[in-house]
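Here is a friendly briefing to read alongside the structure. Have the sequence and the 3D view open, and follow each point as you go.

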Amino acid sequence: MKTRMKIAALVAAGALGLAGCASAPSSSSSASASKPTGPAFKACMVSDAGGFDDKSFNQAGFQGLNRAVTELGVTEAHAESKANSDYVPNIDNMIQQNCDLTITVGFLLADATKAAATANPAKKFAIIDNQFYDADGKVLAIANVKPLLFDTAQASYLAGYLAAGVTKTGKVATFGGMQIGSVTIFMDGFADGVAKYNTDNGKSVQVLGWDKASQKGSFTGDFDDQSKGQNVAKGFIDAGADIILPVAGPVGLGAAAAATAAGNVKIIGVDQDWYVTAPEYKGIILSSVLKQMEPAVFDVIKTTRDGGFDATPYKGTLVNNGVGLAPYHDLDSAVPAELKAKIESLKAQIVAGTLTVTSPSAP
Amino acid sequence: MPGVTPDPQSARLEDPAAETVAPGRGAQLLREITTGNAMISVLAVVAALFLGAVLIGAADPKVQNAATYLFARPGDFGSALWGAVSNAYSALFQGAVYDFDAQTFARAIRPLTETMTMSVPLIFAGLGLAIGFRAGLFNIGAQGQIILGAIFGGYIGFAWHLPIGLHLLLALIGAMLGGAIWASIAGVLKARTGAHEVIVTIMLNNIALYLVAYLLSLKAFQRPGSVNPISPFIDKNAELPLLLGSGFRLHAGFLLALVAAVGVWWLMSRSTLGFTFRAVGANPHAARTAGMSVERTYIWVMGIAGALAGLGGAAQVLGTERVLTGGVAASFGFDAITVALLGRSKPLGTVLAGLLFGALRAGGFAMQARTGTPIDVVLVVQSLIVLLIAAPPLVRSIFRLPDPARAALTGARA
């Protein structure tokens, strides 16, 4: 009996200790517990297997949702998926939660979203990075699903041109997390940007890690394991590359670590401005290819709440600043003025439509 | 991503094959219920759920807030904790068994069917692993075997177009073959070279993961017009039929899993082959002396285990998901290790443990969506179950159960 009491006391003390320790950051923890007042609108989000803390596109989308909660006063629910088999039940639970708008993050959720949207025509959905196709490969519009797409090739084209102009070794590199359209589109634009620089200047800067024509290149295999990113980047650095564009979410931070270790290698970030989101590497961040998911998510929540939902795909481009090239920050002096001017003029040409960046994965 | 991988050594200590020497049947049954493994399994689950409750409380903002002024007003802390835990576990229950808030009866019982659906791959793979455990093989390769089963079954399912009935049958046989071949690699290496099955199966898991990723980068495995790594839908004729109509995901794979459990029971308790398996598991040297081929047994065990895990993959790709993706195996192969251990490597136990884990999975989604409780709590509960099963003396001391060795002398007491 005594032992039992002791154990009970121990467990109770442990519980208390845990709760006590966790008390400090309570204000920053997820907003799900707070119920702001406002028009009765519930926005919900389901992540893919990367989770909302992936420092990449799930997180960026989630920030959009959180901003809608604070600024618009909508209620929210969110569910993190741990595996592909989680998508259907997670979306189903959101419908059961009476979500007015459910945002699903990533093409992997496409089938589950399509099925849920067809079965629940009164509910609205939005899906990031996915376009639906019918059996003949034609674009298929579903009346209650809005695709949020990003033509990141446009921005990474500028990044490729930048990299080719800045490289000292004549070799630049890129690699992906997984070979999926939303990743390879970055790599296509990057390769084309380098090629454009070569034609313009009669140079022969090489791109390691991606061949646009054959659509083959280097991939780490996931979006989790930073050590793989470090290894792949190390391989590129050994091969002579001095600028790397890692299109692999947090795995890219491994590449930044490898670049720091090498000393004279620069990184071009993706999705968000890495100078801001990964300040520990700010000295080597040449620029970042921005994919503005947060405002896109926020906007779709806002318009849907205001009754303006439509199923026309949102397409983030250089024109609407849905994609872009981040500032050069600390490495501004490493970029020659005429190169900056050239990049600006290329951007203007893409915006004006006189220059088209193509990719098999373009939305 | 890997779920739970229990320490092979400690699990081996708990190898059920080691506890087969028993006196009278009645006395044995009584002892199993009170002090034996079945009771430990149940208590491990109870203890894990309790520890999970502590974590739910710790993760809840209201509880955290109340804890800051705990000594000023302890009542707030108590009610906040109770609120958080009861909400979370009631959501877990409503997501796994019966939803009281549902508008229609179909929606109300849907959670139970979801639990059953999610238990299917766990039961299949768990049965395969259970056979291995009883034969003294610690096979951690169910993950890879599920993937191979899914690749074979899936490819036959979406690439071929055959008449109804035949197509499903061939896809299932293909999945069994895929899993069996993959597992047999480890079996043959163990038999011929003595390579340890733990190492080999873990490595094969990784190879399988990259194999499916590579295959899905090929045009033959992708949808027309798409470059994403996702296969076309499975042909209608190759789908496992839905049991309760289109409103539910429960498919015939569940029935197959139950049939497989009966088959495994018959194999292990009634057949000569199963006797050989158990004999080799209990003492390979004695089995060899008795004239059994230990090497051939290892290959057989792995082959059958792989075929069962392959069926688990088929159930996912032909039943639940209806497409092949790189993540088709989720963490089923690793969870199945826990399922087999929790089920004490017995067919009925494995089915029940599979249902429990299916319930935790299904309920976890509802818990996350309704109460914002992190889904990781479910993972922690599952991991704690492994931990507690691997340490029976710990569970016995928490619940003040008598030691089985002493109980055998003094008789059972509760």
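Predicted model: local features only at pLDDT ≥ 70, side-chain atom pairs only at ≥ 80, totals over all residues.

Chains A and B touch each other, with 40 residues of chain A in contact with 40 residues of chain B. Chain A also holds an open sheet of 6 strands, and in chain B we will look at how helix 3 packs with helix 16.

**Where chain A meets chain B**

- Which elements of chain A give two or more residues to the side that touches chain B? They are helix 1 (2-21), strand 2 (75-79) and helix 3 (87-96) of chain A.
- Helix 1 of chain A gives the most to this side, with 7 residues.
- Sorted by class, the residues on the side of chain A that touches chain B are 18 nonpolar, 17 polar and 5 charged.

**The sheet in chain A**

- Reading across the open sheet of chain A, the strand order is 7-6-10-11-12-14, and the pairing is mixed.
- As background, strands of a sheet pair through backbone hydrogen bonds, and they can do so in a parallel or an antiparallel way.
- Strand 7 (206-208) and strand 14 (323-325) of chain A each have a single partner strand, so they stand at the edges and one side of each has no neighbour in the sheet.
- On average, neighbouring strands of this sheet are turned by 20 degrees against each other, direction ignored.
- Strand 12 (residues 285-291) of chain A pairs with strand 14 of chain A in the antiparallel sense, over 3 bridges.
- To find a spot in strand 14 of chain A, look for Gly324(A), which has Leu290(A) standing opposite.

**Helices lying across the sheet**

- Helix 6 (residues 181-201) of chain A lies across strands 6, 7, 10, 11 and 12 of chain A, and runs at about 165 degrees to strand 6 of chain A.
- Helix 7 (residues 226-238) of chain A lies across strands 6, 7 and 10 of chain A, and runs at about 150 degrees to strand 10 of chain A.

**A helix pair in chain B**

- Helix 3 (residues 37-59) and helix 16 (residues 376-390) of chain B pack at an angle of about 140 degrees, with their axes 8 Å apart.
- The crossing of helix 3 of chain B with helix 16 of chain B is right-handed.
- Residues of helix 3 of chain B in this contact include Ala44(B), Ala48(B) and Leu55(B), while those of helix 16 of chain B include Val381(B) and Leu388(B).
- By class, this contact has 16 nonpolar, 2 polar and no charged residues.

Definitions and conventions
Residues numbered from 1 in each chain as written. Chains lettered and ligands numbered in written order. Contact = placed C-beta atoms within 7 Å. Helix = DSSP H or I, 4+ residues; strand = E, 2+ residues; numbered from the N terminus. Nonpolar A, V, L, I, M, F, W, Y, C, P; charged D, E, K, R; others polar. Pairing = 2+ DSSP bridges. Axes fitted to C-alpha atoms, helices over the stretch in contact; angles between N-to-C directions. Left-handed = near helix turned anticlockwise from the far one by under 90°.
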